[in-house]
Amino acid sequence: MTTPLSHYLLLSALLFSVGFAGAVLRRHAVLVLIGIELMLNAANLNFIAFWRYGPHPEALTGLMFAIFSIAIAAAEVAVGLALVIAIYRHRKTSQVEQFQALKG
Amino acid sequence: MLSEFPFYALALVTLFAAIAAMTLRNLVHCALCAAAAFTGVGALYLLLDAPFVGFAQLLVYVGAVAILIIFAVLLTCAAETGPGIAFSSSWLAGVCAVALVLAGLVLPILMSPSLDRLAPPVAGAPVKDIGNQLMTIYVLPLETIGLLLTAALIGAVVIAMQDKPDAQPASDVKPPPREIADKDLCLR
Amino acid sequence: MEAIVKYLWLIPVLPLLAAGWGALLPRSRKRLAAALAIGSVALSGLLALWAFCATLNPPLIRHYRNWVWFDFGATSLQLGWVLDPLAAVMLVMVTLVSLLIFIYSLGYMAHDDNAARFFCFMALFAAAMLGIVIANSLLLFFVCWELVGLASYLLIGFWFQKPAAAAAAKKAFITTRIGDLGLLLGMLWLYSQSGTLLFYDNGHGCLEQSSLAPLLARATLGGMAVSTGISLLIFCGAVGKSGQVPLHVWLPDAMEGPTPVSALIHAATMVAAGVFLVARMFPLMSNSLNPATGSSALHVVTWVGAITAVFAASIAVAQNDIKRILAYSTVSQLGYMMMGLGVGGVAVGMFHLITHACFKALLFLGAGSVIHGCSGGQDIRRMGGLRKFMPLTFVTYAVGTMALCGVPLFFAGFWSKEEILHAARHWPVSNIPFCLGVAAAFLTAFYMTRQVAYVFFGKPADAAQAHPSPRESPPVMTVPLAILAVLAILVGFLGTPAWPWFQSYLTGEPARFTLGKIFDRPQLNLMFLSTIVIGAAIALGWRIYARAASQTSRDIDPLEKPMPAIFACLRNKFFVDEFYARTLIRWTSSFSVLADWLDRFVWGGAVWAVARLTLLLSFFNNDADESLVNQSFDNGCEGLRNSGRLLALFQNGQVQRYLRVIGVAFAALVLLLFWGCA
């Protein structure tokens, strides 16, 4: 492994900001969720990179975290999409800017 | 430089796929590009000597999450060309926020002493050890994850369930059954 | 001797129990109440006779029993009773006269609905009077003294529905109270000086030499000895109770009570309690550095007595109410007694007290019989010729009159007055009390003759003014009259100069029957003088009033024409009551008005001011609470609400905005961490 850690970190940072940009700038609810997934992936990548380049790789800490993170992400995406479907059924729209009922 | 070729390739692929996922108009294209990005990240895991996580990533993200997203896209009739503008109306504020986040992430990395850190000799992450640790050290999070997944499953089903049609007026005339076309998968 | 001394306390306690039981009886049980009163006094009378017989054996012994009432600190307050000749003779007199008057009251109060209450009060009075007689402590004496005053108030105001009776009762109580204040002050002074209030206590009592000598040595304001000061204060009590000038004003008004009350309380016993007080305290009162002239206290007693004797006798000449004449006569005779105590000592004064009790009670009961027979009329100008209708009353009344006037030889008043005049004649200080005494004797005979002439002789002015058919009283009333008449004659023989048994009994000197003593030159001269004076008075009175009694109109008194101004002054009692009303009573009511003003505006004003101040403070408090505390709190909450509202404007419900903010916050955090650590 000759690539320095910083490359992985930079990649993860860029990936994160791309995901963030999508979550913040796109109108469709599903695309917001995809952006969130991308952010999660970037964080996982960070964890694995740090685990690999860290002082105690035998402790498997970063790995474990990443595994759990993946599981949680899966659960979250399921619920989130169910929500989007439910909202679409009621409101006939998937535009995030039109979900203003909780304002105030 | 050559030994770093896999990394750069995978990095570029992942990055471009991600950007594509976030900028395309057609939502199905977005979903598929997202799947590609997930695959790239999985490959990167493999590159980082974490095969288990990499395959788990492929299984879960590509195999489940991406498919789920595609299902959601189709069910919400987003496959048809959506209404005009793809990006939000207050995009300038969003761009500023993104810039700030990017700066906040990149600048510390560039200024940190870990810039040139090289990987130590290979650690190896045998699945046996992973399983061992899951059952001993991380047993509590494991069980909690199990609960969480159960709750999420039930919750998703409940949320996405159709309401019972109990408020319908009593009419003897039944509406004629419609023919279901491929295009009519989406909910109207 | 010892047995009776041990049970001497029963004598006052028996009537007290009768009074207590009588107080619980309903109004209808008249006979039972009367029986209780009469029975208890009869029993006490028997015990008194026993005590009297026990003291007859010479030599003169004084027995007493003392007991501790309560302790305080190192000292204790003791009470006790004493049996000596003075007490014994008073016990016999009081119980005997009370018994006769109680029996008389059975007839007199027969028609009254409240007779049960009457007998209860009379029994209470008898108990208190007997308590005074046997008390060995000035404190116990004072307690019974006040009880006697209370009984007098209750009995004067017995017919309290009459406003005159209620006013008279109040006047009696307040006037005697003024005297009692002096007595109380004297008592306190005596206690502070001698440390004990017991009269006789194994040599430590306040009337015994160990206490008296130091009292003489110390001097107080005006240079008089302490014992003189104490004696004068104690004499104030006697002045009030015995109706001496200037506190005599209550006695004539006290005639508003029923006649048995006047007879018992205001003639024989209670008013004599003042004389008894001076007699009891005689060792203190006669305590003097100069035994020849006597103590200054006794000088004061003599002068007061002499002046009272003449003062009251002159007022009696112009009165028209049968009981009022007798009341002024009582005041005058009490003056005599005081004078006797002052010039001659205990024996002289006490002898006149005993004889006076007999014939004055007789006179009052006789007057009561006359009033009863005339169906309640009391004006002597409306009476006349009653000797035909009420012979027994007339005879006994005549005996009483002659005893009072001092008709010589057979009647008790003569011998007792002789003793007093004899002692006054030989008083080393001055001759004037003797002259005043002779003048009083003249006036006494004069007004008594006037009264007897108007009541029993002549005829009523006209039939319309006369009382309808006066009749003799029932035996229950006339028998006591007869007994008292006999006593009025016989008691006198106990103290003649030929055989001065009474004086020897009281003073302890042996007495022998020597008839020749009557014919001693000074004694004989005095007897002749008094006989002439009294004879002249009776003759003059008879000449003026026997004729006036037969005339058609009695409205103008025969004396009024020659000296109208003097007569008017006498009839209006020297305007003493009016004088008191103008001065003392007016000053007291002005003071009370001032006190009321002070209470209402000064003290009340202070209270009002404090209340207002408190209200003001509470208003301020309220305002402060409202404006400062509440307002500030409200403003604070308002501010919070406003800030919340302001913040809530930020929440527009759009998730993407929230995400952006999170991103910006993340960047700010990174900045903070970097600059914080760098």
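Two residues are in contact here if their C-beta atoms, placed from the backbone, lie within 7 Å. With that in mind, welcome to this predicted model, in which 73 residues of chain B are in contact with 64 residues of chain A. Chain A also meets chain C, in a contact that takes 11 residues from chain A and 10 residues from chain C.

**Chain A on its own**
- Chain A has three helices and zero strands, so read from the N terminus its elements follow the order α-α-α.
- Of the 104 residues in chain A, 59% are buried.
- Looking at contacts in chain A with a separation of 6 or more, 50% of them link residues 24 or more positions apart.

**Where chain B meets chain A**
- To recap, this contact joins 73 residues of chain B to 64 residues of chain A.
- Six elements of chain B, namely H1 (5-23), H2 (27-47), H3 (51-75), H4 (91-111), H5 (127-136) and H6 (139-160), each give two or more residues to the side that touches chain A.
- H3(B) provides the largest share of that side, with 11 residues.
- By residue type, the side of chain B that touches chain A holds 57 nonpolar, 11 polar and five charged residues.

**Where chain C meets chain A**
- Here the contact involves 10 residues from chain C and 11 residues from chain A.
- Helix H26 of chain C, residues 655-677, gives the largest share of the side that touches chain A, namely five residues.
- That side of chain C consists of three nonpolar residues, six polar ones and one charged one.

How values were computed:
Residues are numbered from 1 along each chain as its sequence is written. Chains are lettered from A and ligands numbered from 1 in the order in which they are written. This is a predicted model: local features need pLDDT of at least 70, side-chain atom pairs count only at pLDDT 80 or more; totals for chains, interfaces and linings use all residues. Helices (H or I, at least four residues) and strands (E, at least two) are DSSP runs, numbered from the N terminus. Ala, Val, Leu, Ile, Met, Phe, Trp, Tyr, Cys and Pro count as nonpolar, Asp, Glu, Lys and Arg as charged, and the others, Gly among them, as polar. A residue is buried if 20 or more other C-beta atoms lie within 10 Å of its own, exposed if 12 or fewer, and partly exposed in between; C-beta atoms are placed from the backbone.
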